[in-house]
Structure formats: structure tokens, C-alpha cells
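Dear colleague,

Please find the structure below for your records. My notes on what was found in it follow directly after.

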Amino acid sequence: MNWGALCKPRGCRGIFGSVILVVAVWAPLACAQDARSSSGKAGPVFSNSGPDADIYGAAEGYPIGTRGTTTQLDKLVGVYSHFGEIYPSRPVGRATAPWQFKRASEPPIAYSFGTERLTIADYLKRNPVTGLLIARDDTILYEHYQYARTDHDRFLSQSMAKTLVSMLVGIAVSEGRIKSIDDPVSTYVSGLAGTEYGSTSIRALLNMSSGVEFSEVYDGHDDIARLGRALFVEDTRDPAAVVAQFNTRTAPPGTRWHYASVETEILGLVLRSATGTPLADYLHDRIWGAIGTEADASWAIDGSGQEIAFCCFNATLRDYARLGRLLAHDGAWEGRQLIPRQWLLDATTVRPVDGHLAPKVATPYFGYGYQVWLLPGEHRRFALLGIRGQVILVDPASKLVMVHTAVRQKPSEPGALREPLALWSAVLQQLGQ
């Protein structure tokens with residue numbers, strides 16, 4: 001998703017428009033189910049409530065709804081934790097032998113936001129968070145859930161899935177399945193031969209710099225709405241034909257950053273062709289099983305059976321944290337290099353020749369790498385972002401990871417990332433030793 005900046009630069013983005021998609025009294029922790037209360041050990045904390053719980057359907061038990069009601073506010077909590085059950089999805093099996101996080105007592109965390117000094121408990125009272133987890137390397141420091149969600153729920157990633165796609169591209173390159181990311185797309189997807197996207201390099205797609213026109217303003221009439229309807233609603237038989245309809249070039253490749261979910265969709269087609277394997281299976285075999293995931297995940301598919309690459313991967317909070325830990329270690333897991341280290345470095349660093357991708361250039365705040373958002377500053381830090389508040393923040397230096405799932409009322413809200421980033425900044429300052 002194109003969060004772009006913390007305010008609304010060049011149009012904040014949502015996801016597939018209308019296709020996909022009384023203030024509640026805060027329930028005190030005394031009313032929450034606290035895994036620590038009976039055992040005396042650190043563990044996840046659960047609450048049946050959360051900000052504006054009534055609006056989100058608390059009285060009805062946070063209903064899941066149907067495909068036709070996925071954007072209704074009283075269905076969002078249910079949709080964002082049961083998406084893989086609402087839409088056809090391919091399973092991604094958990095690891096044979098789960099790897100377990102250690103746990104530590106919750107540290108006190110305070111952050112500044114505007115003129116206020118707030119605690120992490122205040123953050124949960126102010127934000128529609130379904131799950132919040134903070135880990136430092138192999139140790140979970142904080143894990144809370146709201147709106148009756150638990151550590152067994154699989155949360156919708158939205159565009160956080162884009163980063164998964166780019167990591168799989170890196171693996172495919174290392175295996176020689178993709179010869180070079182400077183190859184044109186048509187080398188792998190014959191259905192795009194003779195189109196503007198077909199003549200665009202894989203690198204330009206990774207960087208969202210194809211120069212091909214694609215509108216993503218989420219008014220229900222834009223290109224992302226057309227793409228979403230074609231993939232989620234219609235009986236898709238040839239996804240290459242779907243993306244081929246976007247065929248007007250407005251800038252030379254590799255010269256202008258412009259967020260376009262269709263470009264990740266094309267990367268998914270490249271991967272499927274190059275590997276001969278569904279994305280979900282390739283992910284399982286190369287990453288998901290190897291990082292010791294504890295729960296099955298899923299990835300939504302279109303009518304042809306192709307994973308919808310630009311979104312809609314679903315996993316538990318702790319498994320997202322395992323993914324974050326893998327990225328924090330630059331693709332290594334317990335001594336085994338799952339994703340080439342150089343690929344991770346390239347994916348999260350802007351080359352001197354790619355100044356248009358730099359933080360505060362691509363957007364007024366973020367930069368952009370290989371389907372991953374780059375934070376400004378002297379340290380290499382990056383983020384996976386999805387609409388309505390899906391975030392994974394990674395700091396390779398300290399090995400801190402913050403996983404944040406949410407149900408914000410609008411797909412994109414001006415300033416919606418300011419407070420999560422303020423909390424993240426405090427986490428780095430207070431725990432990044």
C-alpha cells in the first residue's frame with residue numbers, strides 16, 4: 001500500500017477500493033485474559049475490547065460477514081482475522097518442528113506524541129490495534145491482543161505481502177531460475193510480450209519505477225479497483241491478460257517512483273513462470289517452514305489459482321515476528337542463509353544512481369527498495385506496510401522487530417503512521433541497546 005508519507009503525499013493509498021474491502025469503554029487489563037495471571041510467567045495478553053469496540057461489532061462478537069460486507073466497519077475485525085476463510089486461498093503449512101521465542105517481562109515503554117507523553121498502554125487505548133508484538137532477536141518483550149483476537153488468529157497482511165514477493169524473487173535469482181533482475185518481464189511471462197510491462201525490467205517493478213500509468217486513489221473507479229474486481233470477483237482465467245490492460249507509459253523505466261500494486265502482481269507472474277511452483281508452495285519450501293513457524297498461513301488466490309501477489313497473505317502475529325527476525329538477520333536463520341544476504345542489503349538500500357527512491361524523495365518521508373519501505377536516517381531500517389494499519393518494522397542493528405495489526409476505519413488516513421512511528425522510535429531508544 002502506498003502510505004507514501006505520514007501525511008497524504010501524492011494521494012494516500014488504500015487497497016482494491018470497494019472490492020475488498022458509540023465510543024467503546026476501554027476494558028481494563030483486570031478484565032483481560034492474561035496468560036501470565038495463572039502461570040506467573042510472561043506471555044500474551046488478551047482483551048475483549050478496544051477503542052470504538054461497539055462500532056467494530058463487539059455486541060455481535062465481531063462478526064466475519066461475507067464477501068459483500070468486507071468493508072463494513074462492524075465486520076473489519078472479523079474480516080482482518082478470517083480473510084483466508086472468506087476468499088479462496090492456498091495454505092502455507094507450518095514448520096514440522098516449530099522454533100520457539102524466549103520471553104521476558106514486559107519493559108516499561110513510553111513515547112512522545114505531539115505535546116503528550118504516553119505509555120504503550122495508552123497507545124492501545126488510542127488505536128484500533130488487533131495485535132501488537134515487540135521482539136528483540138529471539139525474545140518477545142511485549143505481545144497484546146484486542147477485540148477478542150488471540151495468538152491463534154491469522155491476520156491479513158494487505159500489502160505487507162509485497163515484501164514476501166521480493167524476497168522470493170531474490171531466492172529465485174540465487175537459484176538461477178531468474179537469470180537477472182535486469183531481464184524484461186516478457187522473458188518469463190510470454191503473455192505480456194509486446195506490452196509496456198512486458199518490456200519493463202524486473203528491477204523496475206521491484207522498485208515501483210516502471211513508468212507505466214496505474215492509478216491507485218481508491219475511489220472505486222481507479223485502476224486498483226479494476227484490478228481488484230478482475231482478480232477477486234470475476235472468473236479470472238488469465239491474470240496476464242488482466243494486467244496487460246494497463247499499457248500506457250508516462251516515464252522511462254527506472255526514473256520515477258510511483259506506487260502501483262499491479263507491479264507486484266506481475267512479479268508474482270514472473271515467479272510462477274520462473275519457478276514452476278505456486279508462490280505459497282515456494283514460500284513454504286524456502287522460508288516459512290525453515291523459520292520454524294508455529295501455525296499454518298494462507299495466501300488468497302484468483303480464479304486461475306494464482307496467488308494475488310500484491311496482498312492478502314494471512315498469518316499469526318508470532319509468525320510475522322519470525323519473518324521480521326529473519327529480515328533483521330539479513331536473511332539468515334539460526335546459521336542458515338535462507339535469503340541471500342546481498343539481496344537483503346540491496347533490497348533495503350538505495351543505489352546512488354537511484355536517487356528517486358531515496359527517503360524524503362520518493363515520498364516526503366519514506367524511501368523505497370525492493371517492495372519494502374525505507375526509513376530516513378543514518379541507520380538502515382525498513383518497514384512492511386499494509387492499509388488500515390498493518391506494519392512490520394525492522395532494525396537490523398538491534399534486531400528489534402515490531403509487528404502491528406489493526407483495523408483503522410479508513411484504508412488510508414492522513415497522519416495514520418505518525419503515532420506508530422513515534423512508538424517505534426521510543427522502542428529503539430529504550431530497548432535498542
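Is H82 buried or exposed? H82 has a relative accessible area of 17%, and it is therefore buried (buried means under 20% relative accessible area, exposed over 50%, and partly exposed in between, with a 1.4 Å probe and protein chains only).

Please note that this is a predicted model, in which local features need pLDDT of at least 70 and side-chain atom pairs count only at pLDDT 80 or more, while totals for chains, interfaces and linings use all residues. Residues are numbered from 1 along each chain as its sequence is written, and side-chain values use heavy atoms, with hydrogens and water left out.

H82 belongs to helix α2, residues 76-86 (helices, H or I with at least four residues, and strands, E with at least two, are DSSP runs numbered from the N terminus). Apart from neighbours within four places in sequence, H82 is in contact with I64, R149, D153 and R154 (contact means heavy atoms within 4.5 Å).

An open, antiparallel sheet is formed by 4 strands in the order β3-β10-β11-β9. Its edge strands, β3 (89-92) and β9 (155-156), each pair on one side only (two strands pair if DSSP finds at least two bridges between them). Strands β10 (residues 297-300) and β11 (residues 313-315) pair in the antiparallel sense over 2 bridges, and W299 has F313 in β11 as its bridge partner.

The whole structure contains 1 disulfide (a pair of cysteine sulfur atoms within 2.5 Å). This disulfide joins C311 to C312, with an S to S distance of 2.1 Å, and both cysteines are buried. The torsion about the S-S bond of C311 and C312 is about -75°, so the disulfide is left-handed.

Yours sincerely
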